[in-house]
Amino acid sequence: MLCARCSSSVQDPVDIPELEREVSESLLHLETAASLEAEMIRVEKTIESLSQRRTILRRKINALSLTAQLPPEILIEIFRLVSHSPSETTERHIPLFFGGVCKEWRDIAWSTPLLWNTVSLHVSRKTHGSQVHLLRDWLLRAQESPLHIKLTTDDEHESIFCSLRAIMDVLVTRSMYWHSLDCLLPPQCHDVLKDSQFPMLTSVCIRPPKGTISTFSEPPDMFLSAPKLLDVDLSGYNFAAMVLPWEQLRKFKTQFLTVGECLKVCRRSPNLKECHLESVYSPDLLSSPTLNPLHCELEYLDVTLIKGAAITLLDNITLPSLRDLRIHYSGPNGFLLSAISSLVVRSSCNLQRLHIRKQHFLDDDLIPCLEAIPSLSDLHLAAISDTSIGLTQRLVEVLHPSYQSGHPLLPNLRSFEFHGPVSADLQSVGAMLSARWHEKRIDLTSEPNTSPIAQLAKVQIIFPMQGDLTDEFLEEVSRLSGEGMVLVFGVANNDFLV
């Protein structure tokens, strides 16, 4: 008979009890091995026929499901979203998972190159051989799709470096389609990249093995073969040995630079918008402030200092487009925040977000700095010293909307985060937060001399336990949270209210 769904020929349904009876009776009359073999072949054909019949029935059942009614384009989009989910909390599924569900899904997954354009391998000693074999088939299914490559490992043994080289040998055969690369790159892999072309490559994040990270590690010679390269992270490599298409870069990250080398990055990269400079030190004492600061169009600058004196970097640049500034320094002696306010005033920039992490803050240093930046909407302060006075009563008072007859500090503040000791009275803190939260309900027309004040909608304060938290304070915090304020108060690492 013919199958109504696929028109293939199948045998009529078999009566199992009748089949067992026939087999038993026939065995009574069989005497030779040849006869038994023939009977075995007949039974196997019957089993195969039943298996085919069962497969057809399963497909009919699957065809009745709601997902089977979806157009292939919708299924492909669902597969793509699940495969490429950027969230670390969301489980990601590789295309092989979809292929194991049913034939229809397998046909769709196998024929959709975009599902195979993410190559994410965790390299270990056990998986080396299978990964190289799987990678070849994977790249064939990706066809000409832009490839996003990420290679990770928990081990930096010599055998792992050999595995990475074998994997890179396969990947480089498709270098024409690389779009992004994020990996540990041992020196054994440098030569295979040198003579390759990367016409689609836009983002590179590579790092040397931990044992070789120093100011003398040289990066691979590959970047001038990437005409679309915009984003580069070369943390751990020698800045002097970096050969990059500087003029086309939009984002750059590295570490272990002098202030002079930081200025070279800005000078060489006129189109740079985001810059992360870690472990900046200052062996060369620059004149501060300089008469001719370097003009840059950076919008985001993140600097981690090794020496407080390296803050002179800010005295030697002008950043009129700056929107986000982050300064971190955990060493002794610290630095004056006037370098930040001077930069903002000199640049006439509309700074929106400021993150500062240092040993301690002094009101006479912090408050004048913030007064010079009224445009701030996001402020994050971290005082890491146990002896710091941290969040003070004076700072809380100048943040209150009633300060100076309606002209408080940071009138545009919408998000405030503070990590460190709190010396201010918590009742005053609660009152200030409540007043800034309820600014949306104030009729500004009734107070003509009062400037508009933004609603403070998000607050996080993490501090070591200092005294008892009063019921009134907890009630006020709970009420604000209930009204919709995103509010986190925490003691050490144990948040007690969200």
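At 1.5 Å a residue, helix 7 with its 14 residues should span 20 Å, and its end C-alpha atoms lie 20 Å apart, so expectation and model agree. The model is predicted. The chain contains 15 helices and 17 strands, and 45% of its 498 residues are buried.

- Buried positions in helix 7 are Ile160, Phe161, Ser163, Leu164, Ile167, Met168, Val170 and Leu171.
- Residues three or four places apart in an α-helix point the same way, because there are 3.6 residues a turn.
- Leaving aside residues up to four places away in sequence, Ile340 touches Leu314, Leu325, Ile327, Leu354, Ile356, Cys369 and Ile373.

**Strand pairing**
- Strand 13 (residues 378–383) and strand 14 (residues 415–419) run parallel and are joined by 5 bridges.
- Within this pairing, Leu381 has Phe418 of strand 14 as its bridge partner.
- Strand 14 also pairs with strand 15 (residues 458–463), in the parallel sense and over 5 bridges.
- Lys458 in strand 15 stands opposite Ser415.
- Side chains in a regular strand alternate between the two faces of the sheet.

**Whole-chain totals**
- Of the contacts between residues at least 6 apart in sequence, 63% join residues at least 24 apart.
- The chain exposes about 25800 Å², of which carbon and sulfur atoms supply 54%.

Methods. Residues are numbered from 1 along each chain as its sequence is written. This is a predicted model: local features need pLDDT of at least 70, side-chain atom pairs count only at pLDDT 80 or more; totals for chains, interfaces and linings use all residues. Side-chain values use heavy atoms; hydrogens and water are left out. Helices (H or I, at least four residues) and strands (E, at least two) are DSSP runs, numbered from the N terminus. Buried means under 20% relative accessible area, exposed over 50%, partly exposed in between (1.4 Å probe, protein chains only). Contact means heavy atoms within 4.5 Å. Accessible areas come from the Shrake-Rupley method with a 1.4 Å probe; for residues, only the protein chains shown count as cover. The expected span of a helix is 1.5 Å times one less than its number of residues. Two strands pair if DSSP finds at least two bridges between them.
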